[in-house]
Amino acid sequence: MTQDVRDDLTDPAFQADPHPAYAQWRREGPVRRVPLGNGAYAWLVTRYEDARRALADPRLSKAARGPAGNGIPDRVRSAVSHHMLSADPPDHTRLRRLVSAAFTARRIEALRPRIERIADDLLDAMAGRDRVDLIDTFAFPLPIQVICELLGVPADDRDEFRAWSNVIVGGAHRQQIPGAMQAMVSYIHKLIATRREHGGDDLLSGLIAVRDNEDRLTEDELSSMVFLLLIAGHETTVNLIGNGTYLLLSQRERWERLRAEPQLLPTAIEEFLRYEGPVETATSRIATEPVEIGGHVIPAGETVLALLLSANRDDERFPDAAELRLDRRQNPHLAFGHGIHYCLGAPLARLEAQIAFTKLLDRVPQLHLDTTPDQLTWRPGLLLRAVQTLPVRLHPH
């Protein structure tokens, strides 16, 4: 097992197809220490069972903080870091309970007609065009419009959120992160003030009003939850739609099979999540004490990252893991995490994906890739797994 390596995780060739390296890493050992490019190191957990256990291990803390030193003012950091994803119990338990009270299954299911209308409107706008970038014209605007409407954010501001989000989670422009954070926090504070004054039937109004007896969200918790929902509420679904469409079109028989057997769509979506999921690594955890993973002890204070993209292709858990099988039935993938931090928005992401793929298959049945797979570029960084653009032709030549 290699403890200290010089793997260049920022190499575009690695990011275009990291799976061969991940397969090798799974063979070599359960964990791998890698440089993150900013002087810090992290332990990547590569195998399924180890990753699943790590995601639920209370000794791996989400609240513990590594060194800051990234130029973000404390008040800005405080306004974006007090959410469920950066908390351990009992704080996590309390926050999740409060947010779940506003983020209900009823509220999500009630969005179905609106999501279908948004998808239809986007496809209407594409009609008459021969070539489009499906990320820009469909995969991005669908979930960002849904989450903006859910939170009561003006749709006109969505491009600003996309720019801020790309900087914050992309990892390619570290020097721009403090400015993007500052701009987003200022916007969120104004949005909360407006909603508090005027109210509404949106999720943000629900988060402002929600309480459990005398308990309610503090100002930093409220702004942090809005920050988390705005970013996590669209980034993963953009990637799920983009990656899934790419997988269907890169081998045309997959697209044609799904058109012929639309009943396979739910299992196909789960297979997209497993095979080329929207999140490459779970957000970081810090070992609060020495933690054994697969027979190797991670020292206290070290950063641990569960490598979801690798775990979901572990042959020890998934038969023919390197194959995309649209009819795969047993599919306990980790794309939405595991344990207490399992993604609260998973039902919304699945609903959006189901509607998006149904509309694409029905309304643009002749959709084709307008490039070759080797010409596509993938988003930089270890957090997200996504094609940056997806050039397609809406009609055959």
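Select P319 and R328 first. In this predicted model, the backbone oxygen of P319 lies 2.8 Å from a polar atom of the R328 side chain.

Where does R328 lie? Look in the loop between helix 16 (308-311) and helix 17 (346-363). Is R328 buried or exposed? R328 is buried, with a relative accessible area of 3%. Show what surrounds R328. Leaving aside neighbours within four places in sequence, R328 is in contact with T267, E271, R274, F318, P319, D320, A321 and E323.

**Next stop: the nonpolar core**

Select F103, L134, F138, L142, I168, M184 and F272. These residues touch the most other members of the largest nonpolar core, which has 123 residues. Then colour helix 13, residues 219-250. Helix 13 gives this core its largest share, 15 residues. In soluble globular proteins, nonpolar side chains tend to be buried together.

Zoom in on I168. Which residues are in contact with I168, leaving aside its neighbours within four places in sequence? They are I177, A180, M181, M184, F227 and I231.

Now move to a second core. This one is separate and has twelve residues, including L9, W25, L305 and L382.

**Next stop: the cavity**

How many cavities of 30 Å³ or more are there? The count comes to one. About 40 Å³ of space lies in the largest cavity. To find the largest cavity, select its lining: L9, F14, Q15, P18, E280, R379, G381, L382 and R385. L9 and L382 belong to the second core, and both also line this cavity.

**Last stop: two cysteines**

How many disulfides does a search of the whole structure find? The search finds zero. A disulfide needs the two sulfur atoms within 2.5 Å.

C148 counts as buried, at 1% relative accessibility. C343 is partly exposed, with a relative accessible area of 29%.

Technical notes:
Residues numbered from 1 in each chain as written. Predicted model: local features only at pLDDT ≥ 70, side-chain atom pairs only at ≥ 80, totals over all residues. Heavy atoms only, no water. Core = buried A, V, L, I, M, F, W, Y, C linked by side-chain atoms within 4.5 Å. Buried < 20%, exposed > 50% of the residue type's maximum accessible area, 1.4 Å probe, protein only. Helix = DSSP H or I, 4+ residues; strand = E, 2+ residues; numbered from the N terminus. Contact = heavy atoms within 4.5 Å. Polar contact = N/O pair within 3.5 Å; in protein donor to acceptor, adjacent residues only side chain to side chain. 1 Å grid on protein atoms, 1.4 Å probe; cavity = no way out; pocket = protein on both sides within 12 Å on 5 of 7 lines; lining within 4 Å. Points joined across faces, edges and corners; volume = space filled by probe spheres on them.
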